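Have the model open while you read.

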Amino acid sequence: MTGLWLVLAGLLPQAAAAQTTFTISGRITDASTNEGVPFTAVSIKGTTSGTTSDVDGKYTLKVKQLGDSLLVASLGYQTRAVALKKVADQQLDITLQPAATKLQEVKVYGKGGDPAYRVLRQAVARTDQFNPDKLSAYQYDSYTKIEAYVNEFSKPRKPNRKPGPVGRLLGKLPSVTDENGNPAVPVFISENVSELYQRNQPDYTKERILKSQVRAVGITDGSLVSQFTGASFQQYNFYRNFVRVLQKDIPSPIGQSWQTIYTFHMMDTTMVGNATVYEIDFEPKRETDLAFTGTVWIDTLSLGLVQIETKVGKRANINFVDELRIDQEWESTDAGALLPVRTQVVIDTDEVTARSPGALVHFFASAKNIVVNQPKEPSFYTPSIELADNYKETSAEFWQNARPETMSAEQYRAMQVVDSVRNVPFIKFTGEVLKLGFNGYQPLGRSNLDFGPLLYTYAFNSVEGSRFRVGLRTNTGFSRRWVFTGYVAYGTLDDRFKYGIGGEFVVKRKPWTVIGLSHKYDLERLGISAENAGPSSFFLAYSRFGTIRRPYLQEQTFSYIRKEMGRGFTQMIGLRQQSFDPQFAFAFKSLSNDPADPAIQRTYNTTELVWETRFAPDEIILQNDNERLSFGATRKPIITFRYNFGLFCNSPQPYHKFTLDIRHSLRLGVLGRTTYSIGAGIIPSTLPYPLLFIPLGNESWFRVDNAFNLMNYFEFVSDKYVSAMIEHNFEGLLFNRIPAIRRLKWRTLATAKVYYGGLSQANATLSPTVDEKGNLVQGFRTFSRMPYVEVGYGIDNIFKLFRVDAIHRLTYRTSSLDPTIKAVTPFAIKVSAWLSL
């Protein structure tokens with residue numbers, strides 16, 4: 001028996017050694033700059049086991065068999081062999097010396113210049129063969145991870161600068177160590193496992209998020225965040241002419257503009273995996289252009305993309321970004337087209353002020369189990385982003401198996417630090433302030449009620465005096481299907497209470513179907529309403545101030561049902577009843593055939609059936625339990641058609657309204673981006689002028705996108721119209737070429753807006769000159785044969801915040817002879833502001 005134990009004791013060390021997994025990890029850096037060397041080949045000498053470093057030079061290698069040394073090789077550096085220890089876990093941080101060939105560049109070109117151009121010309125010619133957009137469909141399993149850190153607070157980037165108060169506060173918080181050895185406070189970490197489906201011609205995208213975890217400061221509901229951080233928002237296809245990143249269209253080095261934007265240099269012929277590739281460096285012809293700098297690896301046989309490393313530096317015209325890096329690895333599919341199977345993005349932000357901290361964002365995505373040319377039915381792709389019912393139910397073991405790479409100890413620690421940081425009182429307060437600024441509502445303790453919008457809380461005008469408003473709404477804590485809203489307002493001058501109440505119920509989430517009912521009684525003004533002002537809440541709030549011309553009291557009840565019928569195809573049908581009680585000199589001739597009715601009336605009631613159809617085929621929609629958020633369309637127009645069938649009080653005939661609106665934004669190559677909208681409408685009925693078309697004017701000092709900025713609030717009336725608004729942003733095309741100005745990163749733009757309308761004789765004569773008491777009735781302006789035209793030019797991105805427009809009114813420059821109509825403004829400077837990249 002003793003001999004048996006001695007034999008087992010002798011075998012145990014050998015059995016343990018046979019089953020041991022050796023882990024080698026560390027970081028590979030440039031000896032001269034201390035920066036990480038990405039995509040470095042790391043292998044065990046004498047074996048086939050190996051890996052590559054990530055974008056920061058970090059690597060992790062797990063092997064069953066351990067050799068005597070580790071081989072480290074990267075293009076442009078001297079290959080190193082580092083001795084290994086016979087231990088299970090070891091960390092080896094390795095520095096690489098630049099190769100001697102990097103110190104002195106020798107170029108030998110054949111006839112026709114750098115051979116890189118010959119390779120690129122043939123590679124671009126084969127775009128249709130490799131572009132994943134040319135597949136009928138593809139799908140894959142996706143893993144995404146996003147990490148965000150606040151850094152550069154202990155050691156400001158500019159010399160002789162001490163950390164500011166925010167930096168000193170951050171220095172007291174729990175932190176981790178970034179790749180440069182400096183403290184960094186993690187504030188956001190998310191991981192998603194999903195299935196992504198893409199169908200081309202027609203274009204449909206669907207992502208089904210299976211599992212998700214979000215750890216972040218200031219975020220309580222992770223459902224919208226889980227959708228926003230999925231693979232749908234992180235698609236970078238370098239085979240397209242432009243790569244859309246950070247709301248910018250950056251020319252691809254292998255797109256159709258490759259020779260116009262970039263210069264190329266053939267560096268080497270080497271191996272990437274099992275492929276022999278051309279290594280080609282590229283850079284923009286003008287360093288201030290919004291373009292990439294980097295290296296592309298092209299297969300020598302197929303001339304397809306194998307790997308690409310890109311960078312956009314600080315001198316490019318992107319706000320708040322010190323450096324942007326996108327690195328990808330591409331693999332061939334069964335159909336021959338290529339797909340990116342590994343994507344890494346690093347965004348290093350620039351400091352806003354001299355002593356403010358910076359931020360660092362890491363994004364990683366991988367694709368596996370790729371299936372091509374098996375398109376689904378169009379209905380399958382609705383909704384475009386969907387959460388599985390149990391997407392939050394995960395475990396540590398699940399994530400260990402789901403991650404394509406093993407997390408380092410520092411990354412695990414970062415996830416724990418986020419939980420500690422978000423419970424710091426100052427951080428919690430800052431998060432609440434940011435949420436308040438984002439949605440305008442403030443939660444009321446634990447009551448499941450939000451107070452707001454704060455923008456509408458107070459106003460002062462000529463009719464109401466000081467207007468005070470208190471509004472409440474329920475949040476998801478109250479109900480996952482019901483949303484209730486309400487407000488009460490009071491004017492000190494008119495001594496009148498106003499109010500509004502509404503509710504919406506989510507009938508189905510797939511397809512999205514809601515029903516709603518609202519009722520309100522409030523003071524309004526002709527020419528401005530929530531319907532024609534659109535999403536400009538600041539403009540609506542501003543319109544409550546100052547002198548209000550043509551005010552009226554309105555009581556309105558609106559019930560509706562809205563349903564998504566297909567991808568981007570939404571239908572709404574509603575019933576609206578409303579009254580019109582003018583608080584100004586107004587009258588209209590009776591529409592009734594009853595001789596007992598008075599000839600002149602001043603109030604009326606209407607009942608309308610409203611039908612709206614909206615088509616936005618590539619609109620990106622996020623939805624949580626009872627709310628939907630639109631991120632707009634990316635490449636295709638948004639078309640909206642509305643029809644109103646109405647009954648006018650005491651009128652024997654119903655009336656009809658038809659309106660059509662088309663909005664689109666498109667890229668014009670290196671010239672910039674153009675946004676336009678086209679509208680048309682017709683009312684083949686006789687109605688009082690408040691029910692006709694009134695173009696949205698703007699008498700404020702700031703510019704409004706969807707308004708005619710030199711037209712008064714109520715100036716023109718028509719029963720048929722066509723309109724066009726166009727804006728072209730040259731971005732940095734012009735100012736980037738002026739040495740003294742290009743550092744400011746200003747952007748030039750041009751605008752033009754046209755509105756042409758007409759008024760039938762029946763509608764023109766419906767308004768008398770005096771009311772039933774003989775008082776002068778306020779008139780309105782109609783169009784002649786000439787359209788209303790205004791043009792403008794301006795500068796955007798002033799101090800990364802402001803935009804200044806000089807606007808000229810080209811037609812109808814003389815004021816109306818009617819004293820009730822405000823004088824026109826032929827020229828104005830208008831300002832607007834928002835944070836943009």
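## Ground rules

This is a predicted model, so to read it note that local features need pLDDT of at least 70, side-chain atom pairs count only at pLDDT 80 or more, and totals for chains, interfaces and linings use all residues. Residues are numbered from 1 along each chain as its sequence is written, and side-chain values use heavy atoms, with hydrogens and water left out.

Let's start between β11 (183–199) and β12 (204–216), where Pro202 sits in the loop. Pro202 is joined to Gln201 by a cis peptide bond, with omega at about 5°.

Gln201 lies in that loop between β11 and β12 too, and its phi is near 50°, a positive value in a residue other than glycine. Is Gln201 buried or exposed? Gln201 counts as exposed, because its relative accessibility is 67% and the cut-off for exposed is over 50% (buried is under 20%, partly exposed in between; 1.4 Å probe, protein chains only).

## The cis bond at Pro511

Another cis peptide bond links Lys510 and Pro511, and there omega is about -5°. Look for Pro511 in the loop between β28 (496–509) and β29 (512–525).

## Arg550

Arg550 has a positive phi, near 55°, and is a residue other than glycine. You'll find Arg550 in the loop between α11 (537–542) and β30 (551–566). Arg550 is buried, with a relative accessible area of 4%.

How values were computed. Helices (H or I, at least four residues) and strands (E, at least two) are DSSP runs, numbered from the N terminus.
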